[in-house]
Amino acid sequence: MKGSSIEVGEAMKGASPRKGVTRGLSIMDFVLRIIAAVATLGAALAMATTNETLPFATQFIKFRAQFDDLPSLVFFVMGNSVVCGYLVLSLVLSIFHIVRSTAVKSRILLVAFDTVMLGLITAAASAATSIVYIAHNGNTGANWFAICQQYNNFCERISGSLIGSYIAVALFTILIILSVVAISRN
C-alpha cells in the first residue's frame with residue numbers, strides 16, 4: 001500500500017482542478033457570447049423591419065409608422081448592431097481562452113470592452129423602452145396619444161425586440177462576472 005495510496009489533499013501530476021474550472025468558465029463564456037449575439041441580432045432585425053401602414057379616409061392618404069421615424073429606435077438598432085458585431089469579433093478571444101485558460105491580460109481587456117458594450121446596450125434598450133412606453137400609454141401632460149390601439153403590429157414588434165436586447169443585457173452581466181471569476185482563479 002505504500003506506492004499506490006494517495007494522501008488526502010495530494011493531486012495527481014499534470015491534473016489541475018483550477019485549470020479545469022477555468023476552462024469550463026471559458027466554454028460557458030463562449031456559449032453565452034453566441035446566445036447574446038443571436039439576441040442582439042434578432043432585436044436589431046426585428047426593430048429595423050418594423051413598419052405598418054393604415055389607410056385614412058381614402059386609399060390615397062395613408063398613415064405610416066416606421067422605426068426610423070423615431071431617433072431613439074434608430075439608436076436602438078445601431079446600438080444592437082454594434083454590440084452584435086463586437087460579440088462576433090470577441091468570439092476569437094473566447095476561443096483563445098478555451099485553449100489557453102491561464103491567459104489573464106486578454107481577459108482583462110475583454111472585461112473592459114464587455115463593460116463598455118454593456119453600457120451601450122443598456123442605453124439603447126432604455127431609450128427604446130421610453131418610446132415603447134409612450135406608444136402604449138401615451139402622455140396626457142404632453143397631449144400625446146397612445147398609438148398602439150391603431151398600430152397593433154408595429155407595437156407588438158417593437159415591444160418584442162426589446163426582449164432580445166434585455167436578454168443581452170443580462171447575458172453581458174453574467175459574462176463580466178464569469179470573466180472576473182476566471183481572472184481571480186489565475
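The UniProt annotation "transmembrane region", taken from an unreviewed entry, covers residues 30–50, 70–96, 108–135 and 163–183; such annotations may be inferred rather than shown by experiment. The structure is a predicted model, in which local features need pLDDT of at least 70 and side-chain atom pairs count only at pLDDT 80 or more, while totals for chains, interfaces and linings use all residues. Residues are numbered from 1 along each chain as its sequence is written, and side-chain values use heavy atoms, with hydrogens and water left out.

Residues 70–96 are 96% helix and 0% strand, with end C-alpha atoms 40 Å apart. Residues 163–183 are 100% helix and 0% strand, and their end C-alpha atoms lie 30 Å apart. Helices here are DSSP runs of H or I with at least four residues, and strands are runs of E with at least two, numbered from the N terminus.

Helices H3 and H4 pack at an angle of about 160 degrees, their axes 9 Å apart. The two are therefore roughly antiparallel to each other, a term for angles over 145 degrees. The residues of their contact comprise 21 nonpolar, nine polar and two charged.

The largest pocket holds about 220 Å³ of space. A pocket is an open set of points on a 1 Å grid where a 1.4 Å probe fits, with protein on both sides within 12 Å along at least five of seven lines; lining residues have an atom within 4 Å of a point. Among the 14 lining residues, Leu70, Ile131, Ala135, Ile147 and Phe154 are the closest to the centre of this pocket. Strand S2 (62–66), helix H3 (105–137) and helix H4 (152–185) each give two or more residues to the lining.

Note on methods. Grid points are joined across faces, edges and corners, and a volume is the space filled by probe spheres set on the points. Axes are lines fitted to C-alpha atoms, for helices over the stretch in contact, and angles run from 0 to 180 degrees between N-to-C directions. Angles under 35 degrees count as roughly parallel, over 145 as roughly antiparallel, 65 to 115 as roughly perpendicular and the rest as oblique. Ala, Val, Leu, Ile, Met, Phe, Trp, Tyr, Cys and Pro count as nonpolar, Asp, Glu, Lys and Arg as charged, and the others, Gly among them, as polar.
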